[in-house]
Amino acid sequence: MAAVTAASVLLEAQTVYLNDASGALFSNTILEPFLKSAYEDFRNECALNGISEGYRIATPVTIAIGAVTYGTLPTDILLPLFLEERVSGSTGLYTQMKEVRFLPDMAQSTQLTYWTWSDTGIRFVGATQANQVRLTYYWDFTPNTVDATTTDLRGNGRAFLSAKVAAKAHKFINQNDALAADCNALAEEQLKKIIGIMIRNRQSLPVRQQPFGRRGGRSYNY
């Protein structure tokens, strides 16, 4: 799913709902506070419906001979879902690795086979050859700060956000309650569709075999 940018939301609000495609009257700077408010509405709706995260597949990384850590994790990772491996440089199929609570006390072999997740990240026993690892992980799509330059609003909420931003602009700048109500109704209609799609997608997510537990003092009970 492509990232939703603040710029795309604001442009849609200006073009479709505010009749100001050039942003002459409703510039990004003017609309930014309404975007912040609208996105907070969206975050709250997602949280109320238990859909504050999704999953992504990271770009495969090469684990060097003897290395026992994954290395730099994706910046948006909430926690790993599963890992797969194949010989580095291979074009063959990946083999799913086994998540364990504690790494076994064993000699390294050609495959990594086992992985564990802790406060220090993803760790392995290590292998006697370089292997390529593909990580599928949960990611949190609710960033703490949003402004007009945000390039990844996360969650497919563009249709809701653009209408909601326009509703707030009509209400508090134009003082036009009728247009505000129309835009707000369209926003709520889009929200129902978006939430429905996200719930359906969430129900199809793979399930981890072990409890999430805690990482870095944060609880992952959603």
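1. H1 passes H3 in a right-handed crossing; a crossing is right-handed if the near helix is turned clockwise from the far one by less than a right angle, and left-handed if anticlockwise. Helix H1 covers residues 6-17, and it packs on H3 at an angle of about 60°, with the axes 8 Å apart. Axes here are lines fitted to C-alpha atoms, for helices over the stretch in contact, and angles run from 0 to 180 degrees between N-to-C directions. H1 and H3 are therefore oblique to each other. Angles under 35 degrees count as roughly parallel, over 145 as roughly antiparallel, 65 to 115 as roughly perpendicular, and the rest as oblique.

2. A word on the basis. This is a predicted model: local features need pLDDT of at least 70, side-chain atom pairs count only at pLDDT 80 or more, and totals for chains, interfaces and linings use all residues. Residues are numbered from 1 along each chain as its sequence is written, and side-chain values use heavy atoms, with hydrogens and water left out. Helices (H or I, at least four residues) and strands (E, at least two) are DSSP runs, numbered from the N terminus.

3. Which residues of H1 meet H3? Ser-8, Val-9, Leu-10, Glu-12, Ala-13 and Tyr-17 do. Their partners in H3 include Ala-159, Ala-163, Ala-166 and His-170. Contact means heavy atoms within 4.5 Å.

4. H3 also packs against H4, at an angle of about 160° and with the axes 8 Å apart. H3 and H4 are therefore roughly antiparallel to each other. Their crossing is left-handed. On the H3 side, the contact residues include Ala-159, Ala-163, Ala-166 and His-170. On the H4 side, they include Leu-179, Cys-183, Leu-186, Leu-191 and Ile-194.

5. The structure holds eight salt bridges. The term means a side-chain nitrogen of Lys or Arg within 4 Å of a carboxyl oxygen of Asp or Glu. One of them pairs Asp-41 with Lys-168, the closest N and O atoms being 3.5 Å apart. This pair links distant parts of the chain: Asp-41 is in helix H2 (residues 28-48), Lys-168 in helix H3 (residues 158-174), 127 residues apart. Asp-41 is partly exposed at 26% relative accessibility. Lys-168 is buried at 14%. Buried means under 20% relative accessible area, exposed over 50%, partly exposed in between (1.4 Å probe, protein chains only).

6. Arg-56 and Asp-76 form another salt bridge, with the closest N and O atoms 2.7 Å apart. Arg-56 lies in strand S1 (residues 53-57) and Asp-76 in the loop between strand S2 (61-63) and strand S3 (77-87), so the pair ties together parts 20 residues apart in sequence. Arg-56 is partly exposed, at 24%. Asp-76 is buried, at 10%.

7. Glu-189 and Lys-193 meet in a salt bridge at 3.8 Å, N to O. Both lie in helix H4 (residues 177-203), four residues apart, about one turn of the helix. Glu-189 is partly exposed at 41% relative accessible area. Lys-193 is partly exposed too, at 47%. Elsewhere, salt bridges that share partners join Arg-56, Asp-76 and Asp-152 into one network.

8. Is Thr-116 buried or exposed? Thr-116 is buried, with a relative accessible area of 9%. Thr-116 sits in strand S6 (residues 114-118). Its side chain reaches the backbone oxygen of Val-100 at 2.9 Å. Leaving aside neighbours within four places in sequence, Thr-116 is in contact with residues including Phe-102, Leu-103 and Ile-122.

Key:
Polar contact = N/O pair within 3.5 Å; in protein donor to acceptor, adjacent residues only side chain to side chain.
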